[in-house]
Amino acid sequence: MQRVERHASFGGWQDVYEIDSATLGTRTRVGVYLPPQALQGPCPVVYWLSGLTCNEQNFITKAGAQRCAAELGLILVAPDTSPRGEGVADAESYDLGIGAGFYVNATQAPWNAHYRMHDYVVHELPAWVEANFPASGARGISGHSMGGHGALVLALRNPGRYRSVSAFSPIVAPSHVPWGEKAFTAYFGDDRGTWLHWDACALIEHARERLPLLVDQGLADEFLESQLQPERLRAACEAVGHPLDLRLRPGYDHSYYFIASFIGEHLSHHAEMLR
């Protein structure tokens, strides 16, 4: 592992590392914020999953999360959104391939050679964090847009792995919207039954753990009706009694201005659940 950035921030450190990932089969970058409390002992960790076209930089430079994490004693871990590098499959469009890993394990060639973001985020990345930093083993997960989809799906697919989950503007039903249909056709093929294993609304019905979901959605989001459709998540949760706090925010769009406005509430939610 190689540290490629270090910045003092609110009494702690915002670092960026390059690591070799056996799961992805390539070298990858990850942002790690260590709060000042990490000098005294282990701290809980919140994993942040970013959206389409992003990398590890978007969250750590735009969300303004470090101040709140320092106050709450949270380690923040922000991985890249897909594998990158020589030999990694890509597409010409922004919503498939590099920058668009969708936090799944692809089964179709050529994507299955490297696109195993689910296993990387759920297993390899926490093992690396907990071996190299003062992490307590208490984990939360959050994300935005495609990363919000990832946070919900990873938490639902892995009961007991996370103690808290939240999302901003998540793609809640990727099997039914253009972004998800395009990505899932490429990564899994045409069998829509397979897609449901990676669809939050479908997973809710048979979830073995009723972990409360905190979701913020801006009502001025340009993708609200076409790609996000939060009412599908509300209906899925109401059908089985899954706890959901869906907050619809008038005037807010899909940008990091929205995330920065409410990241403090989300991190406070995680801190409470992770204690």
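In this predicted model, Phe168 stands opposite Asp216 in strand E8. The two strands concerned, E7 with residues 164–168 and E8 with residues 213–218, pair in the parallel sense over four bridges.

The next topic is the empty space in the model. Rolling a probe the size of a water molecule over the atoms shows where such space is left. How many cavities of 30 Å³ or more does the count give? The count comes to three, and the largest cavity has a volume of about 40 Å³. Its lining is made up of Gln14, Gly31, Val32, Tyr33, Phe59, Ile60, Ala65, Gln66, Leu76, Val77 and Ala78. Strand E3 (26–34), helix H1 (56–62) and strand E5 (75–79) each supply at least two residues of this lining, which divides by class into eight nonpolar, three polar and no charged residues.

The largest pocket, for its part, has a volume of about 200 Å³. Of the 14 residues that line this pocket, Leu52, His144, Ser145, Phe223 and His254 lie nearest its centre. By class, the lining of the largest pocket has six nonpolar, six polar and two charged residues.

Turning to charged contacts, a search of the whole structure finds 14 salt bridges, among them one in which the side chains of Arg192 and Glu181 meet at 3.2 Å, taken from N to O. Arg192 lies in helix H6 (residues 192–195) and Glu181 in helix H5 (residues 178–188), so the pair ties together parts that are 11 residues apart in sequence.

The last stop is the backbone itself. Most residues other than glycine have a negative phi, and most peptide bonds are trans. Where in the chain is Pro110 found? Pro110 is in the loop between E5 and helix H3 (117–132), and the peptide bond that leads from Ala109 to Pro110 is cis, with omega near 0°. Phe102 also has its place in the loop between E5 and H3, and phi of Phe102 is near 60°, a positive value in a residue other than glycine.

Key:
Residues numbered from 1 in each chain as written. Predicted model: local features only at pLDDT ≥ 70, side-chain atom pairs only at ≥ 80, totals over all residues. Heavy atoms only, no water. 1 Å grid on protein atoms, 1.4 Å probe; cavity = no way out; pocket = protein on both sides within 12 Å on 5 of 7 lines; lining within 4 Å. Points joined across faces, edges and corners; volume = space filled by probe spheres on them. Nonpolar A, V, L, I, M, F, W, Y, C, P; charged D, E, K, R; others polar. Pairing = 2+ DSSP bridges. Salt bridge = Lys/Arg side-chain N within 4 Å of Asp/Glu carboxyl O.
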